[in-house]
Amino acid sequence: METRKVQVTGGSTYTVSLPKTWATENDVSSGTAVEIYTEDDTLLVTPQSDETNQEGTLDVSSLEDEQLIRAVMTMYVGGFDVITLEAGRITTDQRRAIRSAIQGLIGVEIVEEGSDRVVVQDLLDSSELSIVNAVTRMRLIAASMLEDAVTVLVENDDDVARDVTERDDDVDRLWLVVSRIFRATLRSPRAAEELGVHREDCFEYHSSARQLERIADHAVKIAQLARKLEDIPEDVADALLALHADVATVVEKSMDALFADDAERATDLGHDALESVLEIDEHTRRIDDLLRNLDPVQAQSLGLVLDSLSRSADYGGNVAETALQRAAPRP
């Protein structure tokens with residue numbers, strides 16, 4: 001840390017000098033324009049940049065299948081708008097993996113393709129991105145997935161089960177968008193200003209989106225288990241439907257608390273959601289007692305369903321805790 005004294009020039013203009021080491025490292029000299037951003041009582045100074053697209057290059061010679069898919073997604077989340085993938089020769093399998101990767105990303109397309117390189121680009125206008133809209137969309141999809149997964153359990157509808165699994169891809173794509181936006185706000189104050197969202201809020205939205213992504217994963221798990229199960233006893237089915245209703249209420253209250261503009265309302269909703277999680281734990285134990293009377297194989301599968309519902313409630317509780325932190329006074 002360095003300190004500087006504020007001086008007055010021209011009778012009304014406040015000036016402060018920049019650390020020479022920082023200026024040298026960032027090519028700032030006399031006449032260089034810098035950008036100044038305000039965040040509450042903080043000023044952020046960065047060199048002015050004319051770059052509109054962040055470009056990155058990756059040697060994929062030794063990468064294939066899932067490794068290559070993860071590499072493309074990692075560069076996307078890292079903030080690159082144009083990603084050049086190079087090798088001595090791009091194989092057919094590698095091209096297939098690259099296409100699979102961009103199908104899991106929103107707004108990304110292949111813009112150039114040759115024998116030794118593939119260039120992919122994010123074509124989505126950054127001004128159209130909204131972390132709030134992305135998290136809201138994740139909330140709606142994840143909630144509907146969990147509801148439908150429990151319905152599959154009771155009604156044995158394979159078509160709905162497949163639909164639950166397919167919708168998980170939508171949640172994953174949105175999760176990557178949220179992660180990309182969040183990392184951009186950490187990297188550049190300009191990104192946060194363009195979003196119109198405080199960086200602390202971005203962290204809380206990102207944290208909550210992660211919980212929603214996990215809830216969606218558990219919905220898929222329940223749907224897959226349901227396809228393997230035969231008819232389950234009516235009392236167990238009713239108990240699981242009732243448990244899901246309680247879990248859905250926890251997630252709903254938690255997300256309402258996260259998005260609440262009024263701190264008092266957010267606090268009330270957050271505490272209500274956390275208290276409901278404790279009640280769900282007791283509810284889960286009662287259902288577990290019912291499963292002890294079933295065939296061991298069926299009981300084991302339903303036990304996994306029960307665990308997924310319980311964990312989904314816990315993830316909702318995590319969102320509630322984030323909402324309480326967001327509503328609390330900030331230093």
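## A left-handed helix pair

The crossing of helices H7 and H8 is left-handed. In this predicted model, H7 covers residues 199-228 and H8 covers residues 234-259, and the two pack at an angle of about 165° with their axes 11 Å apart. Angles over 145 degrees count as roughly antiparallel, and H7 and H8 are therefore roughly antiparallel to each other.

H7 contributes Glu204, Tyr205, Ser208, Leu212 and Ile215, while H8 brings Val251, Met255, Leu258 and Phe259.

## H8 and its other partner, H10

H8 also packs against helix H10, which spans residues 296-327. Their axes come within 8 Å and cross at roughly 15°. This makes H8 roughly parallel to H10. The crossing of H8 and H10 is left-handed.

Which residues of H8 meet H10? On the H8 side they are Val236, Leu240, Leu243, His244, Val247, Val250, Val251, Ser254, Met255, Ala257 and Leu258. Their counterparts in H10 are Leu302, Leu306, Leu309, Ser312, Ala313, Gly316, Gly317, Val319, Ala320, Thr322, Ala323 and Arg326. Val251, Met255 and Leu258 of H8 take part in the contact with H10, and these residues are also among those that H8 uses to touch H7.

Glu279 is found in helix H9, residues 263-291. With a relative accessibility of 57%, Glu279 counts as exposed.

## The mixed sheet

Now to the strands. An open sheet of 4 strands is ordered S5-S6-S8-S7, and its pairing is mixed. S5 and S7 (108-113) stand at the edges with a single partner strand each, so one side of each is left without a neighbour in the sheet. From one strand to the next, the twist averages 20°.

How do the neighbours pair, going across the sheet? S5 (residues 55-59) runs parallel to S6, with 5 bridges between them, and Leu58 stands opposite Leu85 in S6. To get from S5 to S6, the chain passes through helix H2 (residues 65-78), and this β-α-β crossover is right-handed. S6 then pairs in the antiparallel sense with S8 (residues 117-122), again over 5 bridges. Here Thr84 has Val119 of S8 as its bridge partner. S7 and S8 are also antiparallel and are joined by 5 bridges, with Ile110 opposite Val120 in S8.

## What covers the strands

Is S6 mostly covered or mostly open? This strand, residues 82-86, is mostly covered, with 4 of its 5 residues buried. Helix H3 (residues 92-103) lies across S6, S7 and S8, and runs at about 150° to S7.

## Two residues with positive phi

Most residues other than glycine have a negative phi. Asp27 has a positive phi, near 55°. You can find Asp27 in the loop between helix H1 (20-25) and strand S3 (34-39). Is Asp27 buried or exposed? Asp27 is exposed, at a relative accessible area of 66%.

Asn156 also has a positive phi, near 55°. Asn156 lies in the loop between helix H4 (131-155) and helix H5 (158-187). With 31% relative accessibility, Asn156 counts as partly exposed.

## The whole chain

Stepping back, how many helices and strands does the protein chain have? The secondary structure comes to 10 helices and 8 strands. Along its principal axes, the C-alpha trace spans about 85 × 60 × 30 Å.

Of the 331 residues in the protein chain, 42% count as buried.

Conventions
Residues are numbered from 1 along each chain as its sequence is written. This is a predicted model: local features need pLDDT of at least 70, side-chain atom pairs count only at pLDDT 80 or more; totals for chains, interfaces and linings use all residues. Side-chain values use heavy atoms; hydrogens and water are left out. Buried means under 20% relative accessible area, exposed over 50%, partly exposed in between (1.4 Å probe, protein chains only). Two strands pair if DSSP finds at least two bridges between them. A crossover is right-handed if, with the strands pointing away from the viewer, the path from the first strand over the helix to the second runs clockwise. Axes are lines fitted to C-alpha atoms, for helices over the stretch in contact, and angles run from 0 to 180 degrees between N-to-C directions. Angles under 35 degrees count as roughly parallel, over 145 as roughly antiparallel, 65 to 115 as roughly perpendicular and the rest as oblique. A crossing is left-handed if the near helix is turned anticlockwise from the far one by less than a right angle, and right-handed if clockwise. Contact means heavy atoms within 4.5 Å.
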